[in-house]
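Kindly read each point against the displayed model.

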Amino acid sequence: MSTRRLISSGGPWEAVVGYSRAVRVGDHVSVAGTTAATPDGPAGGDDLAEQTRVCLTRIRAALLEAGATLEDVVRTRMFVTDISRWEEVGRVHGEFLGHVRPAATMVEVSALIDPRLLVEIEADAVIVR
């Protein structure tokens, strides 16, 4: 039986909502929706590409803590508040994951938890080393 390992970022919403930044069960790691949120507003301000970089940097950190890497990512989901700006998100996704080429989805949503947030990204990984 595989053990369940919870990864926390220490974010303020984890305890309130009841979720973990990432969960590892066996060789599978799921990273929760990740934003550029900080107590002072989004890292990167209204720069969508920078918010995306922050999201993917945080996802990479959660994966590493779970014993995985970006190379193990098999699926990403990108939620953007303005799909007409898809290329800004897509280019940064490509910087981080272009060599891995996971199955990926990008959809527009009406809003995120803070209206200043422009993108939220989830990732799933399978460790096959």
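1. Packing of H3. The buried residues of helix H3 pack against helix H2 (48–65), strand S4 (73–80), strand S5 (103–108) and strand S6 (119–126). Contact here means heavy atoms within 4.5 Å. Helices (H or I, at least four residues) and strands (E, at least two) are DSSP runs, numbered from the N terminus.

2. Basis of the model. This is a predicted model, in which local features need pLDDT of at least 70 and side-chain atom pairs count only at pLDDT 80 or more, while totals for chains, interfaces and linings use all residues. Residues are numbered from 1 along each chain as its sequence is written, and side-chain values use heavy atoms, with hydrogens and water left out.

3. Overall fold. The protein chain contains three helices and six strands, which follow the pattern β-α-β-β-α-β-α-β-β along the sequence. Its radius of gyration is 14 Å, which agrees with the value near 14 Å for a compact globule of 129 residues; the radius is taken over C-alpha atoms, and the globule rule is 2.2 Å times the number of residues to the power 0.38. Along the principal axes, the C-alpha atoms fill a box of roughly 45 × 35 × 20 Å. Of the contacts with a separation of 6 or more, 71% are between residues 24 or more positions apart.

4. Burial. Of the 129 residues in the protein chain, 40% are buried, where buried means under 20% relative accessible area, exposed over 50%, and partly exposed in between (1.4 Å probe, protein chains only).

5. The sheet. Six strands form an open sheet of mixed pairing, in the order S1-S2-S3-S6-S4-S5; two strands pair if DSSP finds at least two bridges between them. Strand S1 (4–7) and S5 are the edge strands, each pairing on one side only. From one strand to the next, the twist averages 10 degrees. Axes are lines fitted to C-alpha atoms, for helices over the stretch in contact, and angles run from 0 to 180 degrees between N-to-C directions.

6. Six of the eight residues of S6 are buried.

7. Ala125. This residue is found in strand S6 and counts as buried, at 2% relative accessibility. Leaving aside neighbours within four places in sequence, Ala125 is in contact with Asp27, His28, Val29, Leu63, Asp72, Val73 and Val74. Ala125 and Thr76 are 49 residues apart in sequence and 9.0 Å apart in space, C-alpha to C-alpha.

8. Helices on the sheet. H2 lies across S1, strand S2 (22–25), S3, S4 and S6, running at about 30 degrees to S6. H3 packs on the sheet and touches S4, S5 and S6, its direction making about 160 degrees with that of S4.

9. Faces of H3. Which residues of H3 are buried? They are Val89, Val92, His93, Phe96 and Leu97. Seen down the axis of H3, these buried residues fall within an arc of 115 degrees, so they line one face of the helix; the arc is that of the directions from the helix axis to the C-beta atoms. On the other side of H3, Arg91 and Glu95 are exposed.
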